[in-house]
Amino acid sequence: MQSPRLKNKEQTPEKKGLWRRNLVERELFVACLLVFGASMSTIIGKQDVIHFALTWSLATSRTIFLNTNAFSGQFYTVQLGGHTFSALPPGLAFFTFAVVSLAQIISPIDPQASAVYIATYFSSIFGALAAVFFFKTARMFGSVRASAFLTVVFAFGTSLWIYSRIYLPEALATFLGLASVYCLLKAHEITVVSPKEKLEQEVHYGKFNKKRLTKNLTVPALTFLSGLLLGATVFVDNMAIFFIVPIFLYLIFEVRPHEISSKIASFQSFIFGILIGFFQIWLYDIATTGNAFTAPYGSPFIGGVPVSNYTFNFGYGLYEILISPGSGLLFFTPFVLVSLVGFFYLLEERRGESLFLFGLYASILIPMSLLSNSTYFLHNTIGPSELVIAMPYILLPAITILTRMKKISLASMLIYVLGAASIIMTGIIAITDPIPGPTGALSGANSASPLITINMPLFFEQSFLTWWSFFSDPVLYAILVLVFPILLLSYWMFVGVKISRNQLKDLRKVSLESVARFGRLFRRNWAQSSFSRNVKPGSVSSAYLSSQIVR
């Protein structure tokens, strides 16, 4: 007879599945942290400077005023009541100043220098946490393998990689927004009774009773966290204010606890949580402008910009953000095409969740399209920077396609190619220079793609904007940084997939030929670039680096 101690140690299938998911989450977090940290840079633009200035002011003098002598008249600052304030959302500084203050202990001789690296590394941590919550959310819709594959594409094939290696608030805002959405989806999941749970109740209790499944406080607690995290997201990035509409509608129509009292409590707890999150916004606005509804950078409740910035040129903005050669999302993250197909499958399987995800993405896409002519936002290669906080919700429908991939086929290889292409293009942008700067139009001069005109030449000239760029043979580090996410994508593509012998032989042949062609192309471009440590006058790098980068 087996002892009770050994019997308790046996893992049920549910526990084994939970252990595997937790292991994958840890692996993805470490992998993202390694890649983001390996491509990390210090302060490289005007917005980084202002964000760090406020962070350093909070860490050293515990004040929201900036140094007037150093920052008066600078970009993204404003003069109010004889003081200089940041004209950017302050949430990032308030989240990191306590840790940045440790730089005075770590490096007392030059604490500000080490503080820059500490602050930037926290963007990498926030980006890795965003990837973990994306995986947890994807697991609600598909398998572990499909969720991990999609998480690799999200982490390294979108602009999350770019903003997880510089000191900007997008990575933190994406993490907080994902956590808010995850809590709401979890609350909905709890209220839905699976056939297995219903059968277990009928076996144990003789009849089905929905009230026994959950505690009355579980759903209200999750909706409270969702509201609190959403308020914090708006504090970090004011564009997240538009998430309120789809989240509020989903809470009303889809989160249905079994008791009416629990339904009311869930609604009240969400409102209470979001008001706590907004309270910090109101305090900052009162301290700077004296008005709870006016910030130094505009109204936080219409996206953090003045009303005059909305030009209402919707068609042009939609073209620039989605399909223009210079900044179109479909050109720089082509994997989105898989998500568009997956959306129709998700619409058939889970209509409420599919409309919810589409609403979250549209709530950012629409106002950003109306702001297309404004020079307030960063104009990067993958659309405006604020679009990154909506990227998880346009990618998640692809889980329905990935879950159906049971064997190697032409369709699965096409999906893999789209994911790998998204990662390579984003990686080249991230390790060369992710911020070309505003040009008055999203796609820049003559609608030329910055990837082709700036980032690719910089890559072949080995002009990288990372902490290892001054090492000998930096191109080796660049290749390692690019290859590692591709290896992760390949692993989650082929693990558990049925491959015949003939398919395996063809796969090896194609892989070897592709590597050989890339090697010949790289050697030819490297030889033509005539790279030297000192960039020659007239080269792409010298012309580019000599220009003032204004963001």
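Helix α10 passes helix α13 in a left-handed crossing. A crossing is left-handed if the near helix is turned anticlockwise from the far one by less than a right angle, and right-handed if clockwise. The model is predicted: local features need pLDDT of at least 70, side-chain atom pairs count only at pLDDT 80 or more, and totals for chains, interfaces and linings use all residues. Residues are numbered from 1 along each chain as its sequence is written, and side-chain values use heavy atoms, with hydrogens and water left out.

Two packed helices are described by the angle between their axes and the distance between the axes. For α10 (residues 170-191) and α13, the angle is about 10 degrees and the axes are 10 Å apart. Axes are lines fitted to C-alpha atoms, for helices over the stretch in contact, and angles run from 0 to 180 degrees between N-to-C directions. The two helices α10 and α13 are therefore roughly parallel to each other (angles under 35 degrees; over 145 is roughly antiparallel, 65 to 115 roughly perpendicular, the rest oblique). On the α10 side, S180, V181, L184, L185 and H188 meet I247, Y250 and L251 of α13. Contact means heavy atoms within 4.5 Å. By class, this contact of α10 with α13 has six nonpolar, two polar and no charged residues. Ala, Val, Leu, Ile, Met, Phe, Trp, Tyr, Cys and Pro count as nonpolar, Asp, Glu, Lys and Arg as charged, and the others, Gly among them, as polar.

Helix α13 (residues 244-253) also packs with helix α18 (residues 351-370), at an angle of about 160 degrees and with axes 8 Å apart. The pair α13 and α18 is therefore roughly antiparallel. Their crossing is right-handed. P246, I247 and Y250 of α13 contact G352, E353, F356, G359, L360 and S363 of α18. The classes in the contact of α13 with α18 are five nonpolar, three polar and one charged.

Strands β1 (residues 77-80) and β2 (residues 83-86) pair in the antiparallel sense over four bridges. Pairing requires at least two bridges found by DSSP. L80 stands opposite H83 in β2. The hairpin has two residues between the strands, and G81 takes a positive phi near 60 degrees.

Aromatic rings of Phe, Tyr and Trp (its six-membered ring) pair if their centres lie within 6.5 Å; planes under 30 degrees apart count as stacked, over 60 as edge-to-face and the rest as tilted. The count comes to 28 aromatic pairs. The rings of F94 and Y284 have centres 6.2 Å apart and planes at 85 degrees, so the pair is edge-to-face. F94 lies in helix α5 (residues 91-100) and Y284 in helix α14 (residues 260-289), so the pair ties together parts 190 residues apart in sequence. Helices (H or I, at least four residues) and strands (E, at least two) are DSSP runs, numbered from the N terminus.
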